[in-house]
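The following exercises concern the reading of a protein model. Each task is followed by a solution in steps.

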Amino acid sequence: MLNQVRARAVGLLKTARAELQKGNENGAGRIYKQVARIYYDGYKETKATGKPDKGLLDEAQRWNIESKSLLGTLRQPLEERLDEVPAFTPEPIKETIDLTAVKGLHETKERILNTVAMRILNLLEKPDGILFYGPPGTGKTLLARALAGECTKALENSGYKVYFFNVDRSEVQSHLFGVTEKNLKNVFETAKKYASVEKSISLVFFDELHGLISSTGSEKSELGERVAATFYTLLDGLSGRGNILPIGATNYPTKLPAPLLRSGRYGVSILVPPPDLEALTAMFGSYTKEFPAFTFKINPEKLGAKAKAKSFTGADVKGVFEKTAVRKTQELCNYEGERSLAEVIEELKIKQNILKTKPITDADFEAVIAGTKSSLPLWYSEIEKDLEKAPEAYRAYFSELETLVKQNNERTAAARNV
Ligand SMILES: Nc1ncnc2c1ncn2[C@@H]1O[C@H](COP(=O)(O)OP(=O)(O)OP(=O)(O)O)[C@@H](O)[C@H]1O
Ligand SMILES: [Mg+2]
């Protein structure tokens with residue numbers, strides 16, 4: 001049989017060779033494809049008789065590869081293809097803020113400081129990554145950045161270098177096969193490289209960790225699981241290296257898979273709760289510095305109490321500042337009809353000085369606070385649903401989260417009864 005098929009192919013092979021001599025690779029590639037087809041058809045015939053001729057199949061595959069390599073459609077091995085994708089390499093960032101930028105959260109900060117200090121002094125045998133979790137807008141991202149600045153401040157006098165990698169998920173994640181894993185490896189390699197010099201520490205921060213590694217929803221795909229497995233291996237690979245500290249943050253800890261939280265990985269979880277009265281007051285006192293175009297004549301305690309009564313987060317207060325500033329500006333420019341951006345800019349330039357002489361007052365803030373809703377209720381209702389579905393062990397791990405939800409329910413019920 002093999003010989004019969006070979007006879008059928010011989011003419012085509014001769015033509016292909018002639019095409020190659022003329023430099024027509026595409027032409028030859030197309031003919032080789034036909035040759036592969038002839039061998040494959042022959043193979044199918046033998047298969048149908050119950051005695052498949054493996055030699056025919058081998059020939060078919062051989063000419064198929066020849067054809068693809070000439071037509072340029074040969075699939076490269078994965079490693080080679082990955083080499084062509086530019087690798088994402090994180091750059092260390094210098095953070096200038098320290099933990100004083102984070103208002104309130106005394107207990108949280110104390111826990112973080114203790115964990116980090118123990119690590120720096122090598123008091124732990126198996127150093128864990130630290131996960132910040134809690135409602136949105138409560139300062140988790142701010143805490144990670146401030147911690148990096150705090151480490152620098154504490155250690156630079158003793159000749160240490162602190163490298164902070166704030167890994168942007170969008171730069172790491174890719175839908176292309178294998179690329180996310182490759183990028184993650186690169187992040188860890190880079191952090192290791194920086195930390196390999198004596199007296200060097202790398203902090204690697206993965207924000208919105210539930211978006212990168214998730215146990216639920218569409219992420220629970222083959223791709224998601226491969227990425228998670230790679231991430232675990234990379235975290236495990238840090239074992240015994242006290243000078244690389246993985247930090248993570250999430251507002252949906254219930255979406256994180258249990259293996260991620262195992263000791264040696266993100267084994268330390270620290271709750272970042274909504275701000276208390278003192279923290280909110282401090283925010284009203286300090287955010288004014290971030291709006292230098294305005295002057296303020298306010299009573300932070302009073303506004304803090306208003307914000308507390310509405311269960312605002314730090315992000316909510318920031319939003320209130322922005323809205324109040326816009327309102328104040330608009331008050332000065334009460335124009336009817338339509339005008340262009342250029343005209344508005346011109347007017348604001350002229351009126352900028354008036355802004356300085358008309359301070360923002362408690363009344364300005366109160367009007368905005370009254371019209372602003374806390375961002376927490378939606379989160380509470382979603383997290384409560386997730387917790388109900390979660391296995392017992394999981395709920396025990398995040399027991400503080402349950403307490404937070406319970407307290408919120410009690411508060412809501414009390415408010416309803418007033
Ligand atoms: N305790 C705080 N002290 C000072 N500012 C705060 C505090 N909490 C939040 N903020 C401010 O609120 C805004 C949101 O904070 P941040 O981004 O850190 O929240 P987050 O907890 O990371 O939220 P998310 O879960 O949505 O990512 C920032 O502008 C931050 O400066
Ligand atoms: Mg954040």
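Two strands pair if DSSP finds at least two bridges between them. The model is predicted.

**Exercise 1.** Determine which strands pair with strand E4, and in which sense.

*Solution.* 
Step 1. Strand E1 (residues 130–133) is joined to E4 by four bridges, and the sense of this pairing is parallel. Within it, Phe132 stands opposite Ala249 of E4.
Step 2. Strand E3 (residues 200–206) also runs parallel to E4, with five bridges between them. Here Ser202 stands opposite Ile244 of E4.

**Exercise 2.** Decide whether the residues on the two faces of E4 are buried or exposed.

*Solution.* 
Step 1. A residue is buried if 20 or more other C-beta atoms lie within 10 Å of its own.
Step 2. On one side of E4, Ile244, Pro246, Gly248 and Thr250 are all buried.
Step 3. Seven of the seven residues of E4 (residues 244–250) are buried, so the strand is largely enclosed by the rest of the structure.

**Exercise 3.** Describe the shell around ligand 1 and state which domains contribute at least three residues each.

*Solution.* 
Step 1. Ligand 1 is surrounded by 19 residues, and the closest are Pro136, Gly139, Lys140, Thr141 and Gly314.
Step 2. Two or more shell residues come from each of helix H6 (140–155), helix H11 (277–286) and helix H13 (314–332).
Step 3. Domain 2 (99–271) and domain 3 (277–370) each supply at least three residues.

Conventions
Residues are numbered from 1 along each chain as its sequence is written. Chains are lettered from A and ligands numbered from 1 in the order in which they are written. This is a predicted model: local features need pLDDT of at least 70, side-chain atom pairs count only at pLDDT 80 or more; totals for chains, interfaces and linings use all residues. A residue is near a molecule or strand if its C-beta atom, placed from the backbone, lies within 6 Å of it. Domain bounds come from an automatic or database domain assignment. A residue is buried if 20 or more other C-beta atoms lie within 10 Å of its own, exposed if 12 or fewer, and partly exposed in between; C-beta atoms are placed from the backbone.
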